[in-house]
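These are my notebook entries on a structure that I had not looked up before.

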Amino acid sequence: VDEEKAFWLLCSLLEDILPPDYYTHDLSGCNVDLRVLKQMLLKRHAKLMKRCEEAGLGVEFFGLEWFIAIFSKTFPVETMLRVWDCIF
């Protein structure tokens with residue numbers, strides 16, 4: 001991707017796709033997504049969430065980096081690209 005396309009993709013992400021407060025100092029938009037993730041995991045994987053909570057691992061432990069970096073630092077490239085296809 002050339003620089004101009006990357007710039008416009010970033011603009012689209014920040015202006016059209018993500019909530020306006022996603023990358024603010026308090027990450028309030030990102031925190032909304034973390035709460036949604038937690039509710040989904042509690043509903044579908046209650047035993048797993050109970051074990052994570054017993055170990056002191058909230059969804060923030062892994063989910064925050066996923067959401068901040070839009071999965072680019074955590075997932076294999078193939079998985080990340082599939083997620084990005086769904087977003088963009």
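**Entry 1: secondary structure and overall form**

I counted five helices and zero strands in the protein chain. I took helices as DSSP runs of H or I with at least four residues, and strands as runs of E with at least two, numbered from the N terminus. The order of elements from the N terminus on is α-α-α-α-α.

I note here that this is a predicted model, in which local features need pLDDT of at least 70 and side-chain atom pairs count only at pLDDT 80 or more, while totals for chains, interfaces and linings use all residues. Residues are numbered from 1 along each chain as its sequence is written, and side-chain values use heavy atoms, with hydrogens and water left out.

Along the principal axes, the C-alpha atoms of the protein chain fill a box of roughly 45 × 30 × 20 Å. The accessible surface is about 6900 Å², and carbon and sulfur atoms hold 60% of that surface. I used areas from the Shrake-Rupley method with a 1.4 Å probe; for residues, only the protein chains shown count as cover. The protein chain has 88 residues, of which 22% count as buried. For this I called a residue buried under 20% relative accessible area, exposed over 50%, and partly exposed in between (1.4 Å probe, protein chains only).

I also looked up contacts, meaning heavy atoms within 4.5 Å. Among contacts with a separation of 6 or more, 45% join residues 24 or more positions apart.

**Entry 2: the nonpolar core**

I defined a nonpolar core as a set of buried Ala, Val, Leu, Ile, Met, Phe, Trp, Tyr and Cys residues joined through side-chain atoms within 4.5 Å. The largest one has 13 residues, and those with the most contacts inside it include Tyr22, Leu37, Trp66 and Phe67. Helices α2 and α4 (60–68) are the elements that give two or more residues to this core. Helix α2 supplies the largest share, four residues.

Which residues does Phe67 contact, leaving aside its neighbours within four places in sequence? I found Tyr22, Tyr23, Cys30, Asp33, Leu34 and Leu37.

I then looked at Phe62, which is found in helix α4. Phe62 is partly exposed, at 25% relative accessibility. Beyond residues up to four places away in sequence, Phe62 touches Leu37 and Leu41. The C-alpha atoms of Phe62 and Leu34 are separated by 9.8 Å, although these residues are 28 residues apart along the chain.

**Entry 3: salt bridges**

I searched for a side-chain nitrogen of Lys or Arg within 4 Å of a carboxyl oxygen of Asp or Glu, which is the rule for a salt bridge. The structure holds two.

One joins Lys38 and Glu53, with the closest N and O atoms 3.9 Å apart. Lys38 lies in helix α2 (residues 28–44) and Glu53 in helix α3 (residues 46–54), so this pair ties together parts that are 15 residues apart in sequence. Lys38 is partly exposed at 31% relative accessible area, and Glu53 is partly exposed at 43%.

The other joins Lys50 and Glu54, where the closest N and O atoms are 3.9 Å apart. These residues are four apart in helix α3, a separation of about one helical turn. Lys50 is exposed at 53%, as is Glu54 at 55%.

**Entry 4: a nonpolar surface patch**

I recorded a nonpolar patch on the surface, formed by Leu10, Leu14, Tyr23 and Ile68, with about 320 Å² of accessible area together. Patches are made of residues with over 30% relative accessible area and no salt bridge; like charges are joined within 9 Å and nonpolar side chains (Val, Leu, Ile, Met, Phe, Trp, Tyr) within 5 Å. Ile68 has its place in helix α4 and is partly exposed at 31%.

**Entry 5: cysteines**

How many disulfides are there, taken as pairs of cysteine sulfur atoms within 2.5 Å? I counted zero. The cysteine sulfur nearest to that of Cys52 belongs to Cys30 and is 18 Å away. Cys52 is buried at 16% relative accessibility. The sulfur of Cys86 is 18 Å from its closest cysteine sulfur, in Cys30, too far for a bond. Cys86 is exposed at 71%.

Cys30 has its place in helix α2 and is buried at 0% relative accessibility. Leaving aside neighbours within four places in sequence, Cys30 contacts Tyr22, Leu64, Phe67 and Ile68. Cys30 and Gly63 are 33 residues apart in sequence and 9.5 Å apart in space, C-alpha to C-alpha.

Methods:
Disulfide = S-S within 2.5 Å.
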